[in-house]
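Please read it with the model open.

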Amino acid sequence: MNTIQHYVLGQWTTAKGSGTPTYDAVTGEFIAETSVEGLDIPAILHYGRTKGGEQLRKMTFQERGNRLKSLALYLNKRKEQFYDLSYRTGATRVDSWIDIEGGFGNLFANASLRKLFPNQPYHVEGDPIDLSRGGRFMAHHIMVPKKGVAIHINAFNFPIWGMLEKCAVNWMAGMPAVVLPAPSTSYLTEAVVREIIASNILPEGALQLICGTVTNIFDTVESQDVITFTGSAATGRKLKAHPRIIQEAVPFTMEADSLNASILGADAVPGTPEFDLFINQARSEITVKAGQKCTAIRRMIVPENLMDDVQSALAKSLDKVTIGDPRLKEVRMGALVSKHQVDVLKGRVNELAQHSQIVYGGDWDAVSLVGADTQGAFVAPVVLRQDRPFEHTAVHEIEAFGPVSTLMPYKNLDEAIELAQMGKGSLVSSIVTNSDDIAKDYVVNAASHHGRILVLNRENAKQSTGHGSPLPLLVHGGPGRAGGGEEMGGVRGIKHYMQRCAIQGSPTTLTEITGIYQANAKYKEVDQHPFQYHWEDIQPGMSLKTHKRTITDTDIINFANLTWDHFYAHTDITSLDGSIFEKRTAHGYFILSAAAGLFVYPNKGPVAANYGLEECRFLRPLYHNDTVYVRLTCKQKIERDVASAEHPSGIVKWFVEVFDSEDELVAVATILTMVQKKQTVFVEMTTEKIQACLDKLTETSQPKWGILTAQHLIEHLEEGYRIMSGEKQDFEIATPEKILDKVHHSLYNYEPFPKGTSFPTMKKGELEDLIHADLATAKAKFWEAREAYVSFFKQNPEAVMKNMVFGHMNRYESYLLERKHLNHHFEQFDVL
């Protein structure tokens, strides 16, 4: 019998014994069993903490983020296989898109957060704190990865998104995960994990998968572990009260079902765009994933005079919804996840119907299906109406987890807010209104009870992600019934898997610990100007003291005329009475400009550009005839992605201190420069180096990869030179336009050509006919072509020539291609 496997302890494992069957939600067919019998849970948790945790904790945030980005790209290329499986959960293509590509989107989004963290394995949080008047004793906060494992217990409705929205965050923090998907849809989670493991992108132990219900998972948790739970509030509360969790003080984040509310503003009457938006959003939230979303709208709170209008319009909208086989394009709503879930839903609706009126649907046997039959877990949408929601409170307490929502009235906005709050905490609420006053009143007074609030109107409707869409960079969670926890939320979410620690010491010591220069720390004097160092060689604390400059009256006047900044303190010394200024005062931005003039290195070097200014403070005025000097100190280094036509570089933050002749600090600023990284991958292709490589190349030389012979190689390189020199230009660019810029920009990076790369004109899998009589002749023609290339650009330095792969290239880009190309092939023949 087919059994869903687990990935634990570094291998795919089938548990012992018979287990719980899972079925196709559309056809009712058996899929597989889930069993956890015989799994060594304590060993699995220990393996994650050690094998996976040790490797993840050593990685920098940039390394973790790049792994996540690579994984997202890898999975995205294989997404169609997941859609085929997702249909079996009852999800339509749109439903599956949320789960599959929304899950991958979490990887992308969290990968991008690496730019907000330092280039080290731990984070430095907030600003430094001076604990002494002399500035020699201070404090800072750092955050390090917890030395435990993240245990994720997920719900059935989002088997991919539910895993990746959590794992992306704990991986970024440097923590491994053990994922426990809901058994009914674990076959889809298993399929994704198989691809993740096959990719070898994550270190072993970073992800383990247990498919099935484990009752003893908490028995050996430790204080460094983190637990997240998604599911019913009742189950979550039981788990949270586990004695071991209490004893070890294990962080427990719960994201539970909630009675989310959407409010129709009093201004959103029929005929307005907002009224239509409310109806469309309500229909969507009722039918997407067949209403099986923790963020779905369960309560529609509308002005009492619009109840009949909303009921009628919503019914007409729901009438257009086609239900059936989710594989069919015309189907807009699929099935519930299982027949069991149908029975649970019916019970909840019956409970609600004891005090509320069913005004749409409710005939469970009258479901009109397209391309499916009653073997599947199909139900039709149900809308209830509760006209006295303050008296009959079941509507605020019972959730029917499916395509079900209840309509209820309010007299004024205060009542709407109170009704929304009667749900005792939700993941999300929304208000549809074109009145900013109504929106502000609702948000400010309702926010205490909701994790997220969407204000929807005609202005943002086309771009809005909707009521039910949690986003990676926003907090997902809510107070009270919603679980009281927070997931995702960008940087906030990552910190949940890290330990915050206050550190105290001298500025010099804390500079070394944090990797960020702290004011009053000892300077690291250098042998040459800091701007002469490449990014890798610059270190926090590296410092330069400049020569001095005296500010003259003429400097101030000229700066005023140049900038048109004629503020009275700089230009009208007769108006200084009663001001803080004693004499003609230098412009603050002139001080900053003069400081740059003192510390900037004039010659071309690794510093590629001024990247910006983060902070600037002028501590006291500077007057004409005052003399200043600057202390330039590296404050921090930050990784940077490069996607355009520029060489790999990082950002360096420089702490600029301006002192007067008495060594008193008069101004500080933090400036940012873009600094190129060292090129250590490629050997420079000088004439001498090329000759040395060719001397090693003989008729018997064999390639380490590919099928080229030595002479085929030389003739191929000769052709490249003839193209770059303009001799050969009668061809079309082969690279598709949509990726041409990306391919062109790759000339600037320091990544070798992939092994096996082929030129567009070369035959695949077979050798070209040789042109020259022998290798010696080919080498002579090679040198002839190279000399023509060098001579051409000497005579035409501004020329731009066409290349079949990289598009149009200038002289410098031709040099970059020559270096990469020759390195690639000389390495291929082991003559480099």
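**Salt bridges and the first helix**

Arg584 and Asp553 form a salt bridge, with their closest N and O atoms 2.6 Å apart; the term denotes a side-chain nitrogen of Lys or Arg within 4 Å of a carboxyl oxygen of Asp or Glu. Arg584 lies in the loop between α17 (568–571) and α18 (588–599), while Asp553 belongs to helix α16 (residues 553–563), so the pair ties together parts that are 31 residues apart in sequence. Helices (H or I, at least four residues) are DSSP runs, numbered from the N terminus. The model is predicted: local features need pLDDT of at least 70 and side-chain atom pairs count only at pLDDT 80 or more, whereas totals for chains, interfaces and linings use all residues. Residues are numbered from 1 along each chain as its sequence is written, and side-chain values use heavy atoms, with hydrogens and water left out.

**Accessibility of the Arg584 pair**

- Arg584 is buried, at a relative accessible area of 13%; buried means under 20% relative accessible area, exposed over 50%, and partly exposed in between (1.4 Å probe, protein chains only).
- Asp553 is partly exposed, with a relative accessible area of 28%.

**Other salt bridges**

- The count of salt bridges comes to 41 by this rule.
- One of them joins the side chains of Glu195 and Arg78, at 3.7 Å from N to O.
- Because Glu195 lies in helix α6 (residues 186–199) and Arg78 in the loop between α2 (61–76) and α3 (79–86), this pair ties together parts that are 117 residues apart in sequence.
- Glu195 is buried, with a relative accessible area of 17%, and Arg78 is partly exposed, with a relative accessible area of 28%.
- Glu646 and Arg640 also form a salt bridge, their closest N and O atoms being 2.7 Å apart.
- Glu646 counts as partly exposed at 22% relative accessibility, whereas Arg640, at 16%, counts as buried.

**Helix α1**

- Helix α1 (residues 41–58) has 18 residues and should span 26 Å at 1.5 Å a residue; the expected span is 1.5 Å times one less than the number of residues.
- The end C-alpha atoms of α1 are 25 Å apart, which agrees with that expectation.
- At Gly52, α1 bends by about 40°, the bend being the angle between axes fitted to the seven residues ending there and the seven starting there.
- Buried residues in α1 include Ile41, Ile44, Leu45, Tyr47 and Gly48; Gly52, where the helix bends, is also among them.

Methods: Helices (H or I, at least four residues) and strands (E, at least two) are DSSP runs, numbered from the N terminus.
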